[in-house]
Amino acid sequence: MKQTALKFLKDSSEWTQLDIIADKAENGQILNGKIVADGHISYPIIGGVPSFLANRLQLDGAWTQEQNKTTETFSEKWNQFRNYGMKESELKLHQNWFCKKFGIEESLDSLKGFYRNKRSILEVGTGSGFNCRFMAENCGGYVIGADISDGAFTSYHNTQDLDNILIIQADLMQLPLKHNQFDFVIADGVLHHTPNTQLAVNELFKFVRPGGQFFFYIYKKMGPVKQFTDQYIREAFRDLPPEKCLLQCQPITELGRELAKLDAKITLEKPIPVLGIPAGTHNVQRLIYYNFLKCFWNDALDYETNNMVNYDWYHPHDAWQHSESEVHEWMKELGVGEYKINDANPNGLSVLLTKPLQA
Ligand SMILES: C[S@@+](CC[C@H](N)C(=O)[O-])C[C@H]1O[C@@H](n2cnc3c(N)ncnc32)[C@H](O)[C@@H]1O
């Protein structure tokens with residue numbers, strides 16, 4: 001971390017005094033050392049990243065154990081796929097997808113415009129850090145990025161040249177940050193990977209300032225056949241060591257690739273309500289992917305990255321799926337009236353809400 005990034009933590013945490021003790025520094029980055037909070041609590045800085053995982057001692061043991069299994073999946077992923085989302089071709093794909101998820105016009109300008117006036121952003125579950133980087137480059141203030149896994153180190157690696165960003169390693173249930181603080185909080189594909197999605201939503205909501213926005217993307221509950229195959233394969237794969245699971249995913253990835261090669265479409269005159277399949281014209285690979293078996297393939301990504309997307313689906317210990325009506329219920333309980341569930345893709349729920357001024 002940069003010494004200067006300490007001010008973002010100062011602005012965003014309850015601590016009145018924060019000091020850095022640097023054991024190893026290079027090119028303006030503190031690589032090893034510690035942060036001392038209010039003179040007595042100390043947190044290690046490891047490989048440039050302050051780690052607040054010690055706060056997790058306050059969490060329930062069973063919760064932590066469950067979360068640790070999911071964390072192992074993602075540490076492997078972000079150690080192997082350090083450039084995910086960073087290549088020009090992938091960036092475009094992700095930028096278009098973010099526009100859809102936020103429900104804004106699909107253009108780079110409108111995505112940049114979305115961030116322009118945001119002065120303080122918190123991203124949780126940063127992964128490779130590609131989105132943290134984009135937000136820091138385009139927002140009007142600073143970004144704090146937090147990930148529980150080795151993703152924190154990969155994110156640091158991919159953003160360390162920027163002056164307005166601080167990456168920390170922390171559990172979103174124990175963030176060392178002040179409530180009612182951020183203009184924008186984002187958790188993209190993260191909260192369903194914790195032991196309880198709703199509790200994770202409630203926790204992050206606390207960090208949004210009144211009038212600020214909160215975006216989260218979670219998995220959507222699909223039809224019965226898809227639910228069956230998801231559960232069946234997850235039970236078979238999730239206890240495998242990551243490298244074995246990656247191998248087991250390969251034939252599924254190749255099925256996706258071969259189906260995509262067909263580039264075939266079929267038209268269903270009638271929906272199949274019992275399977276949750278709508279009427280209309282379907283790309284065959286997508287029809288299978290959404291309704292029968294997740295076999296991701298996208299030509300814009302290389303083989304390993306496509307396979308990693310399937311690994312990311314089947315290996316995490318927790319990967320909950322939710323319905324729109326559950327989200328409506330959560331919003332009601334939080335007292336949120338202003339929100340939209342954007343229809344960016346059939347198997348996800350993209351929720352963008354505004355925290356009421358009187359929350
Ligand atoms: C599917 S990845 C998504 C990464 C990134 N947002 C993206 O879209 O590429 C989920 C990320 O959430 C992180 N994560 C899961 N549970 C977390 C928690 N309790 N606190 C912080 N991060 C968490 C994982 O380590 C992982 O990097």
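1. Which residues in helix 5 and helix 6 meet? F130, C132, R133 and A136 of helix 5 meet S155, N158 and T159 of helix 6. Contact here is a C-beta criterion: two residues qualify if their C-beta atoms, placed from the backbone, lie within 7 Å. The residues of this contact divide into three nonpolar, three polar and one charged. Ala, Val, Leu, Ile, Met, Phe, Trp, Tyr, Cys and Pro count as nonpolar, Asp, Glu, Lys and Arg as charged, and the others, Gly among them, as polar.

2. A word on the basis. The model is predicted: local features need pLDDT of at least 70, side-chain atom pairs count only at pLDDT 80 or more, and totals for chains, interfaces and linings use all residues. Numbering starts from 1 along each chain as its sequence is written. Helices (H or I, at least four residues) and strands (E, at least two) are DSSP runs, numbered from the N terminus.

3. Helix 5 (residues 130-138) and helix 6 (residues 151-159) pack at an angle of about 40°, with axes 9 Å apart. Helix 5 is therefore oblique to helix 6. The classes are: under 35 degrees roughly parallel, over 145 roughly antiparallel, 65 to 115 roughly perpendicular, the rest oblique. Axes are lines fitted to C-alpha atoms, for helices over the stretch in contact, and angles run from 0 to 180 degrees between N-to-C directions. Helix 5 passes helix 6 in a right-handed crossing. A crossing is right-handed if the near helix is turned clockwise from the far one by less than a right angle, left-handed if anticlockwise.

4. Helices 9 and 10. Helix 9 (residues 242-262) and helix 10 (residues 284-291) pack at about 145°, with axes 7 Å apart. Helix 9 contributes G256, L259, A260 and L262; helix 10 contributes V284, Q285, I288 and Y289. This contact has six nonpolar residues, two polar and no charged. The buried residues of helix 10 are Q285, Y289, Y290 and N291. They pack against helix 8 (224-237), helix 9 and strand 11 (280-283). Buried means 20 or more other C-beta atoms within 10 Å of a residue's own, exposed 12 or fewer, partly exposed in between; C-beta atoms are placed from the backbone.

5. The ligand shell. Of the 21 residues around the ligand, F74, G125, G127, S149 and G151 come nearest. A residue is near if its C-beta atom, placed from the backbone, lies within 6 Å. Helix 2 (61-80) and strand 6 (142-147) each give two or more residues. Helix 2 gives the most, with four. The shell divides into seven nonpolar, 10 polar and four charged residues.

6. G145, in strand 6. G145 is buried, with 29 other C-beta atoms within 10 Å. Beyond four places in sequence, G145 contacts E123, T126, G129, C132, S155, I165 and I167.

7. I104, in the loop between helix 3 (88-102) and helix 4 (108-116). I104 is partly exposed, with 15 other C-beta atoms within 10 Å. Not counting residues up to four places away, I104 touches C99, S110, L111 and F114. I104 and F114 are 10 residues apart in sequence and 8.4 Å apart C-alpha to C-alpha.

8. L357, in the segment after strand 13 (348-354). L357 counts as exposed, with 8 C-beta neighbours inside 10 Å. Leaving aside neighbours within four places in sequence, L357 is in contact with P210 and G211. The C-alpha atoms of L357 and R209 are separated by 8.3 Å, at 148 residues apart along the chain.
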